[in-house]
Amino acid sequence: MKINILVALLIGCGLSSGIKAQAQEQAATTNNNSSQTASDTTVHLAYRTVDRKDMPGAVSILNPPQYLDKHYGTYPLEGTNAFIGGSNFWNIGTALVLIDGVPRSINDITANEIEQISFLKGANAVVLYGSRAANGVMLITTKRGSPGVSQINVRANSGINVPKSYPDYLGSAEYLRYYSQALQNDGLPALDADSIARYAAHTNPYRYPDIDYFSSQYLRKLYNTHSANAEFSSGTERARFYALAGFQNQNSLLNFGEGKNEHNTRLNLRGNIDLKLNDFISTYVNVSTVFYTNRNALGNYWQRADSLQPHRFAPLIPISAVAEGSKDAQALVKGSRNIIDGKYLLSGTQQFLTNPIADVYAAGYNKFTSRQFQYTSGIDVDLKNVTKGLSLHGQMSIDYSNTYNESVNNTYAIYVPVWSNVAGLDTITKLSMLNKDSKTGNQNLSNTWSDQLIDFNVHLDYVNTFKEKHNLSVILMADGMRRRQTGDYQYRTNANAGVQLAYNYNHKYYADLSGAIVNSTKLPVGKRVAFSPTASLGWLLSEENFLKGSGVVNRLKLTAAAGIVNTDLDFGVNSYYLYNAVYSPTAYFSWADGTYTNRTTTISRGENLNLTYAKRKEVNVSIEGSLFKNKIDFLTSLFYIKKDGIPVQNYSLYPSYFFTGYPETSFVPYTNFAANRYQGFDFQLNFHERVGAVKLTIGAAGTYVTTKALKRDELFTDAYRNRTGKPVDAIFGLRSQGLFADQNDIDKQATQKFGTVKPGDIRYIDQNGDNVIDEKDEVMIGRWGSPFTGGLNVTAQWKAFTLFVLGTGSFGGTGIRSGDYYWVTGAVKYSAVVRDANYPRLTTLGSVNNFRYSDFWTYSTDRINISKVQLTWSFPQKLLKKAFVKELNVYVSGNDLLTIAKNRAILELNIGSLPQTRFYNFGIKSEF
């Protein structure tokens, strides 16, 4: 490994000069100005690359080099649902992300580094990756150098992030008025009106504060994002390299104290090297590293700003207000180590010894650091001297990452003032100090975490053509992975072997048989090995006589596939030994009047040595083609998937004495019982046309998925409560019918069993007619996910200008307004929602009746987003003929510019975290 890394570094630093002369010679015969790359005509699939014309069904691809100049962004998946159908992998679960064939995170890479993203959706497309791929595979292939092509690309960007909205909380006086109303609703005395008036007058903001933590006093109007990257590539037939260096920096919205130092930075480096050792053996080395740091003030400003009421206290009190004659108070002022701007002391109360403002000024800071190193090396051996078309390929990867926090933790004193009116002026006559100032200067290391991954694969390929028309491809492969993270008691492993037999007759009729033997240590011995079979058939109809030469249909291909993929993904990441019974010591009990005390042993699940894999059973059909002299191209897939045998503890099959509430005990084992269904379609459509001098491209894509829970462990008396037959992500709650008008209205209604009910509380529907409203009256009130997601992209090119517009949308989903912002009760911070005349009764005592899942709180998440607009100007080539710059582009763009939705205010609001933003960017890209 050390030798390979050394080779990579030496070649990466010196290869350019060593091969420059040969590269220039080859470049003379190469069309460097062509925008077409290898990824335009080839598709990367599991352990192989095929011509695009032979691409199987239920596969979509994106080639970032084709669109990054008009649609620049660093995140690889920005706007993908407007380019391709099925980018959500049909909503069946979290897809496996592979970067150059190795399981990694999408956050490990930027769009600049990517040559192609393959979305492998169908079972036939993913089966060679084994059990771990049952939810789909996102296969990312990074860029590599090309023989005879030397290229340097440099890009720089500078942008601003403008918050869309902040939480809208009541000011002090209004809060106190509504809180007083809540007290009266509870039969308690109202607050003093004169006291409320003092807060409303704003005559002394320190004695009668009205703190808005989201005001310009504490926050900037925007924050900045700057990024730059440089790409270098060159090569000959013998040696090629690609390298990238990227940097990004972002500051903070906070404009005071430690907030001014908040930032996050990311440095990423990549080097890919290919060497042809001789006519039979080639090797490659890929090295990537990412350094990320985030510095922030201690205290979690955004979360605390959303909880601290505006009237509690002024976080800063002026020293000038301290009475000069108060010696004790003046002594405390002089002894403070945290005089803010030379004018203020940090304030608080006995109840609030810290606050978000004081934390930013004096609590210190935390610096989060993430470092990762990814190394991959491989070898390709051409065995044509043994048999024509035979080759051997092997690859091994070692990834290591770690994260940790470095913090400087200070304590600080707060001062509680006693105000008096002296000669008509508000004056602080007394100060009390709570806590003390302490700055040790020590750096504390915490939350260390590491992740190590070792992955290898080997495959023997046979690719040959017989009699010019019979094309055969065979793959025999094996893959193994071992991973361990901090806190793991054992390695996470994956191993599988597979075979693929693919045949096509003259690229017209296609057949594919693929399967994998999977192995999982999450299952009992004897059940760990299983075979996953899949099959696919394809037919290029446009080559048949009845369509060949058609002026309408240029290409039309039909593909059908079916398969079963065995998977342990539904067991959970660390859910080992689910087949074993688990006993543990728990509660104590005493008897004989406490003379004897014994400890109980409980069981949390029974044994099941027949526990086996869950299965993804699938049928899909895809249609791909182009029409009207390739002005229109399209791809669509229809799919039906049944996930069967999902492991659950099936309590409904066992008598009630198999499980108890206290001590919590269950003899019920995990069994392969639950099942889900997913069905729907996806599509992508592109239209190309020239309108006068404008070259126009319009693309649309979408995915529609319906889900159904086929089997659930449930024994509800009322059928409407069953989860079976409902969407997998169904939301259950009560149906409401307005608010109670008065006590007579309550008396006529069925009894609601959620605490004391008063006028102004939510009234619910009695679903089962038992004259009691409780959990038995809960029905489906929505679904979390949106069945349809999609988008539209438009490119208009006129002379040196290119306009790109990206729109996305989702429809059919439901959200729940919940949390303290919407469910206002007790003494929490009141938001503007309480102003609504239809808001439930305010109370200081809590309300179980009102604040629970019901359709009173649901809202539609349907939305259309103008996600991106970018205008690019390309410097005229005639002016660059004699310059060392081959290409120069300047562009301006805006992200998340507009949301069109009935509930836009809710959808664009973040609570307890950084706000959502609109991003405006200026960039420049040059090619040398």
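I looked up Val621 and found it partly exposed, with a relative accessible area of 31%. The model is a predicted one. Patch residues need over 30% relative accessible area, so I checked Val621 against that cut-off: at 31%, Val621 passes. I then located Val621 in the fold: it sits in strand S27, residues 614–627.

Next I listed the patch itself. It is nonpolar and covers about 690 Å² of surface. Besides Val621, I noted Tyr509, Trp539, Phe546, Leu558, Leu638, Phe681 and Tyr704 as its members.

**Entry on Asp437**

I moved to Asp437. I placed it in the loop that runs between strand S18 (425–434) and strand S19 (444–466). What is the nearest side chain of opposite charge to Asp437? I found Arg337, 5.9 Å away. Asp437 is buried and has no salt bridge. A salt bridge would need a side-chain nitrogen of Lys or Arg within 4 Å of a carboxyl oxygen.

I then looked for polar partners. The backbone of Arg337 supplies one: its nitrogen is 3.0 Å from a polar atom of the Asp437 side chain. Asn338 supplies another, through a side-chain to side-chain polar contact of 2.9 Å with Asp437.

I wrote down the contacts of Asp437, leaving out residues up to four places away in sequence. They include Ser336, Arg337 and Asn338. Thr411, Tyr412, Ala413 and Tyr415 are also on the list.

**Entry on Asp777**

I repeated the search for Asp777. This residue lies in the loop between strand S37 (772–773) and strand S38 (779–783). Asp777 is buried too, and again I found no salt bridge. The nearest side chain of opposite charge is Arg721, at 8.1 Å.

Beyond four places in sequence, Asp777 touches Ile765, Asp766, Gln767, Asn768 and Val772, among others. Tyr720, Gly733 and Leu734 are also in contact with Asp777.

**Entry on Gly563**

Is Gly563 buried or exposed? I read a relative accessibility of 11% for Gly563, so it counts as buried. I found Gly563 in strand S24, residues 553–567.

I checked what lies against Gly563. Setting aside neighbours within four places in sequence, I recorded Pro533 and Thr534 as contacts of Gly563. Arg616, Lys617 and Glu618 are in contact with Gly563 as well.

Definitions and conventions. Residues are numbered from 1 along each chain as its sequence is written. This is a predicted model: local features need pLDDT of at least 70, side-chain atom pairs count only at pLDDT 80 or more; totals for chains, interfaces and linings use all residues. Side-chain values use heavy atoms; hydrogens and water are left out. Patches are made of residues with over 30% relative accessible area and no salt bridge: like charges are joined within 9 Å, nonpolar side chains (Val, Leu, Ile, Met, Phe, Trp, Tyr) within 5 Å. Accessible areas come from the Shrake-Rupley method with a 1.4 Å probe; for residues, only the protein chains shown count as cover. Helices (H or I, at least four residues) and strands (E, at least two) are DSSP runs, numbered from the N terminus. Buried means under 20% relative accessible area, exposed over 50%, partly exposed in between (1.4 Å probe, protein chains only). Lys and Arg count as positive and Asp and Glu as negative; His and the chain ends are not counted. A polar contact is a pair of N or O atoms within 3.5 Å; within protein, one must be able to donate a hydrogen and the other to accept it, and residues adjacent in sequence count only if both atoms are side-chain atoms. Contact means heavy atoms within 4.5 Å.
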